[in-house]
Amino acid sequence: MKKHFRSILCLLLALCMCGAALAGCSGQSKDKSDDGKDEKEDVTYTLDNIRDYIVGLDEPVELEDGSKQALINFDNAATTPAFLPVMDEVNDKLKTYGSIGRGFSQKSNISTDIYNNTREKVLKFVGAYDENEPDKYTCFYVNNTTDGLNKLASALIEDKSMTVLTTRIEHHANDLSWRERCSVIWAEVDDKGRVNYDDLEKLLKENDGKVNYVSVTAASNVTGYVTDVHRVAKMAHAHGAKIIVDGAQIVAHRKFSMKGATPEENIDFFVFSAHKMYSPYGGGAVVGLTEELNKHMPTFYGGGTVKIVRDKSYTTKDAPAKYEAGSPNYPGVVGLGKAIDILEQIGFDAIEEHEKKLNRKLIDGLAKLDNVILYGDCENIDDRVGVVTFNFSDINSYHLAEQLTKIGGVATRRGAFCAHPYVWRLLGIPDDDVDQYNECAEASTPGMIRISFGIYNTEDEVQQFLDVMPKVMDAAREITEQSEKVRPGMAKY
Ligand SMILES: Cc1ncc(COP(=O)(O)O)c(C=O)c1O
């Protein structure tokens, strides 16, 4: 009997070993990730399974009534949660972390290779890599879009006499970084809030040869409008200007290529943040024409940017090194590279389609609610990424956002989204009137509510949000009415 039992045990053991060996060969082995989830090494990421690979998606938050639920995160234009494989990749690659470009060690060599090889991946991701001209574009790493635009501006703008043409749709990052350094002119938005291309062209003609750079956003963080940047590139180039594109809101939403249909339509510089594409480790990049970047020097000085320093002078390296003063952000670059892999695997056609469905459901649902005001074009939504902004004429948006969090467990953003001139235009507030809000409490400054989707959001979540809205609106309306009694004339929205 004992002998029989022993042979069964041996058989089981052999089967287990065989299974493990087979799994190893086919790449099916399972790894435990840091937050305890099983992760197959050869997972194919799709829109259908991506919710399993978002860090913290099931993390419960406490609502006002003491109950707990997973947050419905509709604030992805601000920042996105991490992809689990991004987190795993960063943790894994930290095992071989060493000084980048400066050290003598095996780890230093491995980290330096990963850091530099990711540049080509970034160039390919934004359509800036051409096998026939591999050095035409290069990329330097930055902390985020704001950092990238400021670094670029500090290099390109030589004196105050230079002119940048931008638009009234921009995030402050692509407005103030120019205002502070040179003369700026702004193209207006049209009655639906889109960039007014005619005005842009008119300004280029009026200032023919005087505009050095045209800087526009690829997608608005307020209305989600996608700018036809290749059309703008053609106009800019025809008038002797170069074009810079703020890519913060496009990179996780639409396939973007710096290459246009013709060379005149090509983009010269492109800037984006990794934390808006599921890699919140502080990475980002500026992709630009190597020759142009080599002509300039950003106002950031220090180690890594120079060949030789003499007592009273120094010789700088070429781009990208001269744009990366100080020790690099290795986790930021590792995370960015992995996020690119995953987004590309999921595919931007699928992402675009999914966002349009979510936008349609949300807009149609909101439109049924009493006193709603929706911003931007809500009929033709094809040129909008997953961003929807709204108000109610009888409810202060600050109180509404707060009640949405407390009652519904829904994360949104409320305010003017660091795009004040654009939001004042959409709200119909003249520029001369906005100064009165300088010293106001936050709830009394005008604003709107923004819902912005990530690729993992679902139609069920939109429905959950719509279902809870009547209760949330009642609560917020009551607070609005009470505050009006205490502080009459507070901001309408
Ligand atoms: C269009 C746009 N540009 C620039 C930025 C600034 O990005 P970051 O905060 O990553 O620097 C944002 C941020 O929301 C944005 O939406």
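Trainee: Which strands does helix 6 lie across?

Mentor: Bearing in mind that this is a predicted model, helix 6 (residues 197-206) lies across strand 7 (163-167), strand 8 and strand 9 (211-217), and its direction runs at about 145 degrees to strand 8.

Trainee: And what is the strand order in the open sheet of seven strands?

Mentor: The order is 6-12-11-10-9-7-8, with mixed pairing. Strand 6 (137-141) and strand 8 (183-187) stand at the edges, and because each has a single partner strand, one side of each is left without a neighbour in the sheet. On average, neighbouring strands of this sheet are turned by 20 degrees against each other, direction ignored.

Trainee: How many bridges join strand 6 and strand 12?

Mentor: Five bridges, in the antiparallel sense, with strand 12 covering residues 284-289; within that pair, Thr138 stands opposite Gly288 of strand 12.

Trainee: Switching to the open sheet of four strands, what is the order there?

Mentor: That sheet has the order 15-16-19-18 and antiparallel pairing, with strand 15 (372-374) and strand 18 (413-415) as the edge strands, each pairing on one side only. The twist averages 30 degrees from one strand to the next. Helix 11 (residues 397-408) packs on this sheet, touching strand 16, strand 18 and strand 19 (448-452), and its direction makes about 40 degrees with that of strand 19.

Trainee: Now the ligand: which residues come nearest?

Mentor: Of the 13 residues around the ligand, the nearest are Asn144, Thr146, His171, Asn221 and Ser273, while the shell as a whole divides into three nonpolar, nine polar and one charged residue.

Definitions and conventions: Residues are numbered from 1 along each chain as its sequence is written. This is a predicted model: local features need pLDDT of at least 70, side-chain atom pairs count only at pLDDT 80 or more; totals for chains, interfaces and linings use all residues. Two strands pair if DSSP finds at least two bridges between them. Helices (H or I, at least four residues) and strands (E, at least two) are DSSP runs, numbered from the N terminus. Axes are lines fitted to C-alpha atoms, for helices over the stretch in contact, and angles run from 0 to 180 degrees between N-to-C directions. Two residues are in contact if their C-beta atoms, placed from the backbone, lie within 7 Å. A residue is near a molecule or strand if its C-beta atom, placed from the backbone, lies within 6 Å of it. Ala, Val, Leu, Ile, Met, Phe, Trp, Tyr, Cys and Pro count as nonpolar, Asp, Glu, Lys and Arg as charged, and the others, Gly among them, as polar.
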